Amino acid sequence: METKPKNEYLLALKVMRLTRPTLASPVVVTCDSIDLPGNTLNNELKNDCTSLQGMETLAIGQFMVLPQSFGNIYLGEIFSSYLCVHNGSNQIVKNVTVKADLQTSTQVISLSSGNSEVKELAPDNTVDEVIHHEVKEIGTHILVCEVSYVPANLMGPPQSFRKYFKFQVVKPLDVKTKFYNAESDEVYLEAQIQNLTVGPICLEKVSLESSHLFSVSTLNKNEKGECIYGKINLLDSGCSRQYLYCLKPQLSLQKDPKMMHNATNIGKLDIVWKSNLGERGRLQTSQLQRMAPEYGDLRVIMKDIPLKVYLEEQVNLNCHITNTSERSMDLLLSLESSDSIAWCGISDKIIGTLKPGTSIDVPLSLIPLDTGITIISGLKLMDTFLKRVYDYDDLAQIFVNQLN
C-alpha cells in the first residue's frame, strides 16, 4: 500500500504496538508408562520449556509471555504505539516529519504530538515517537502513518510515503439492564456486566450517574459500607456481576404526574476496570431509558402500611388517589371483602370532585383473615359522571403474623 517500491526510499518506517505481556500456565498432560501412550507424553513434558526439570508433573506458578501478535484491542482501553523512522542509507536527509492519524467510521483523529520537524537525520540514526489514544468506538480502525523528508543532495519538493495498519476494536463488556417502576415512584435498575475479554479483569468502579431528575443510591454494599463482592472484585472471562440501584425522583417531579410520566432518562453507567497486569480500561454507557409507567385515568397507592400485621387485628392505612386524566372526575369508592381480608367501615364513600393532577388520601381499615402473604384487593372507584368503574385487585401485599 506504499506509493513507491520500498527500496526507493532513504528512510524506513517501523510501527509496533506497545502492550503488556500475558500470563500463561503450563499444561501438564501425563500418564503411566504402562498406559497406551507409553512415555510419549512424559518425554514431551520434559522437553516443554515451561516445565521444571525433575518436577515436570507439577504446574508451578505462571509465566509471562511476550506479545507475539497485534492482539486484541477493547473499547475503553488506551491504544499505544511506537513509531520508528530509521535512516538506513548513506545520505543525510533533512526536514523529517512523522504524522500519524487514526481513521474510524465516523472521524479522523490526529495522534501526532505536534513537535517540529527534525532538521537533519544522519545515516543510521532514528526518529521515534510514542502515541497514545483512548479507544471510544467499536469497529474497524486504520492507523495511517506518513513520513516526509528532503534528501540533502536533491532540490525540489519533499518526498513522502505512507503505511496503513488496520485493526478491529471489540467490546470488552456486555452490559444488560432491567428496570422496575415501583408504586412509590422509585425506579430500580438491575445491571448485569459480563466479561467478554480473553482474561480476568478487576472491576475497580461500577457507578450510576443519575440524571438531574433522580437521586441514586447503591444497593451493592453491606451494612459496613463495603462492596458485597469484596475489596478485589475479580471477574473471570465469561463471568458476570449483577448490580442494583435505587433511584428516587426529586420532590418537584413527584408533585406532577405528567413530569413523572415523561421522566424516562435515568442516567449512565460508568465502569472502570484493570486487566490482570494492570492495563486500565473505562466504559460509559449511553443514556439509559426506562419505559414510562402507564397509570390510566387514576393512580391508586396504599400508604402508611404497618410493618407488622397480625391475624384478626385491625390495620389502618391510607389510600392515595391521583387523577392522572385530562378531566375532572366525581368519584365513589366501594369496598368488597374476600376470604383473606375484611374491610371495615362503610363500603360506599363519596370522595367528590377530583381535578386533573390532584390527589387525595382516604383513610381505610381492614382485618386480615389468614396468615402469610395477603394481597390487598377489592377496591373499586366509579366515576359517577361517566358511570365508569375502575377495579383494583392487587394494590399491595402484607405479611400477616399469628396473634401474639
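The model is predicted.

**The largest pocket**

Start with the open space. A probe the size of a water molecule, rolled over the atoms, shows where space is left empty. The largest pocket here has a volume of about 550 Å³. Its lining is made up of 26 residues. Nearest the centre lie T19, R20, T22, V198 and E279. Two strands, β2 (22-24) and β18 (265-275), each give the lining at least two residues. By class, the lining has 12 nonpolar residues, 10 polar residues and 4 charged residues.

**Salt bridges**

The structure holds 13 salt bridges.

| D101 | K99 | 3.8 Å |

Take D101 and K99, whose side chains meet at 3.8 Å. D101 counts as buried because its relative accessibility is 15%, under the 20% cut-off. K99 has a relative accessible area of 43%, so K99 is partly exposed.

K171 is at 39%, so K171 is partly exposed.

D361 counts as partly exposed because its relative accessibility is 39%. K303 also counts as partly exposed, at 33% relative accessibility. Elsewhere, salt bridges with shared partners join D297, R327, D383 and R388 into one network.

**A nonpolar surface patch**

Which residues form the nonpolar patch on the surface? They are M16, L18 and V130. Together they have about 240 Å² of accessible area. M16 sits in strand β1, which covers residues 11-17. M16 has 46% relative accessibility, so M16 counts as partly exposed.

**Two positive phi values**

Most residues other than glycine have a negative phi. D304 is not a glycine, yet its phi is positive, at about 60 degrees. D304 lies in the loop between β21 (298-303) and β22 (309-310). Its relative accessibility is 54%, so D304 counts as exposed.

E312 also has a positive phi, near 60 degrees, and is a residue other than glycine. E312 is in the loop between β22 and β23 (315-323). At 54% relative accessibility, E312 counts as exposed, because the cut-off for that class is over 50%.

**Sequence distance and spatial distance**

First, P200 and S237. They are 37 residues apart in sequence. Their C-alpha atoms are 5.2 Å apart in space. P200 is in the loop between β13 (187-195) and β14 (201-210). P200 has 29% relative accessibility and so counts as partly exposed.

Next, N90 and L10. These residues are 80 positions apart in sequence and 8.6 Å apart in space, C-alpha to C-alpha. N90 lies in the loop between β5 (78-87) and β6 (93-103). Is N90 buried or exposed? N90 is exposed, because its relative accessible area is 70%.

Last, E44 and T30. In sequence they are 14 residues apart. In space, the C-alpha to C-alpha distance is 9.2 Å. E44 is found in helix α1, residues 40-47. E44 counts as exposed because its relative accessibility is 54%.

Conventions. Residues are numbered from 1 along each chain as its sequence is written. Side-chain values use heavy atoms; hydrogens and water are left out. Patches are made of residues with over 30% relative accessible area and no salt bridge: like charges are joined within 9 Å, nonpolar side chains (Val, Leu, Ile, Met, Phe, Trp, Tyr) within 5 Å. Accessible areas come from the Shrake-Rupley method with a 1.4 Å probe; for residues, only the protein chains shown count as cover. A salt bridge is a side-chain nitrogen of Lys or Arg within 4 Å of a carboxyl oxygen of Asp or Glu. Helices (H or I, at least four residues) and strands (E, at least two) are DSSP runs, numbered from the N terminus. Buried means under 20% relative accessible area, exposed over 50%, partly exposed in between (1.4 Å probe, protein chains only). On a 1 Å grid over the protein atoms alone, a cavity is a set of points where a 1.4 Å probe fits but cannot get out, and a pocket is an open set with protein on both sides within 12 Å along at least five of seven lines; lining residues have an atom within 4 Å of a point. Grid points are joined across faces, edges and corners, and a volume is the space filled by probe spheres set on the points. Ala, Val, Leu, Ile, Met, Phe, Trp, Tyr, Cys and Pro count as nonpolar, Asp, Glu, Lys and Arg as charged, and the others, Gly among them, as polar.
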